[in-house]
Amino acid sequence: MGTSGRTDGPGKTAAPQKSNLTPAQGAQQAEKRLGKPCFFTGQRLVGIYACVTCQFRINNRGALPSCPDCGEIIWCYMGDGPRPIPEGETAASAAPVDSTGPAVDQEVVLPPRAQDPVKVEEGINLEM
Ligand SMILES: [Zn+2]
């Protein structure tokens, strides 16, 4: 995708294989390196993001693209405030929100019973 079309000959030291990382792993590594929240192409986020490779900035809404300038897929969040949460992902499974409203005593109200027929047995021998 560029001006350098030469292929490197054999004998060079192997470059670190970045490409075997998943986008999520790449974002994690970039995040450690930069100390800012990093995300990757396809995550749905709103805000200002900068390409971690060429610093190209985008004002993103919707799904993150790949960098229009260099093709990078990892983006660094440039905004202030807490780490944004990609749409469709949960911050954590903590604090489950119960949408059913306030808790109600689970007292089961039984309908009044019809008078149980009580069998009175007469003549029970109580002697053991
Ligand atoms: Zn870029």
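# A tour of the predicted model

Start by selecting D80, which lies in the segment after strand β4. The structure on screen is a predicted model. D80 is exposed, because its relative accessible area is 73%. Along the sequence, D80 and I48 are 32 residues apart, while in space their C-alpha atoms are 9.6 Å apart.

**The whole chain**

Next, colour the protein chain by secondary structure. There is 1 helix, along with 4 strands. Following the sequence, the elements come in the pattern α-β-β-β-β. The protein chain has 128 residues, of which 20% count as buried.

**The zinc ion**

Which atoms coordinate the zinc ion? The SG atoms of C51, C54, C67 and C70 do, at 2.3 Å. The 4 donor atoms subtend angles of 102 to 117 degrees around the zinc ion, so the arrangement is tetrahedral. For reference, the ideal angle for four tetrahedral donors is 109.5 degrees.

Now look at where the donors sit in the sequence. Their spacing along the chain is C-x2-C-x12-C-x2-C. Pick out C51 and C67, a pair that links distant parts of the chain. C51 is in strand β2, residues 47-51. C67 is in the loop between β3 (57-60) and β4 (74-77). The two are 16 residues apart.

Switch to a surface view. Are C51 and C67 buried or exposed? Both C51 and C67 are buried. C70 counts as partly exposed, because its relative accessibility is 27%.

**A cysteine in strand β4**

The cut-off for a disulfide is a pair of cysteine sulfur atoms within 2.5 Å. A search of the whole structure finds 0 disulfides. C76 is buried, because its relative accessible area is 5%.

**The second largest pocket**

Move on to the second largest pocket, which has a volume of about 170 Å³. It is lined by 15 residues, and those closest to its centre are F39, Q43, R83, P86 and E89.

Which element gives the largest share of the lining? Helix α1 does, with 4 residues. Helix α1 (23-34) and strand β1 (38-40) each supply at least two residues of this lining. Colour the lining by residue type: 9 residues are nonpolar, 3 are polar and 3 are charged.

**Two loop residues**

Select T41, in the loop between β1 and β2. With a relative accessible area of 30%, T41 is partly exposed. T41 and P65 are 24 residues apart in sequence, and the distance between their C-alpha atoms is 5.1 Å.

Finish at Q55, which lies in the loop between β2 and β3. Check its backbone angles. Q55 is not a glycine, yet it has a positive phi of about 65 degrees. Is Q55 buried or exposed? Q55 counts as exposed, because its relative accessibility is 52%.

Notes: Residues numbered from 1 in each chain as written. Predicted model: local features only at pLDDT ≥ 70, side-chain atom pairs only at ≥ 80, totals over all residues. Heavy atoms only, no water. Donors = N, O, S within 2.8 Å, 3.2 Å for Na, K, Ca; no water. Tetrahedral: all angles 85-135°; square planar, octahedral: opposite > 155°, others 65-115°. Buried < 20%, exposed > 50% of the residue type's maximum accessible area, 1.4 Å probe, protein only. 1 Å grid on protein atoms, 1.4 Å probe; cavity = no way out; pocket = protein on both sides within 12 Å on 5 of 7 lines; lining within 4 Å. Points joined across faces, edges and corners; volume = space filled by probe spheres on them. Nonpolar A, V, L, I, M, F, W, Y, C, P; charged D, E, K, R; others polar.
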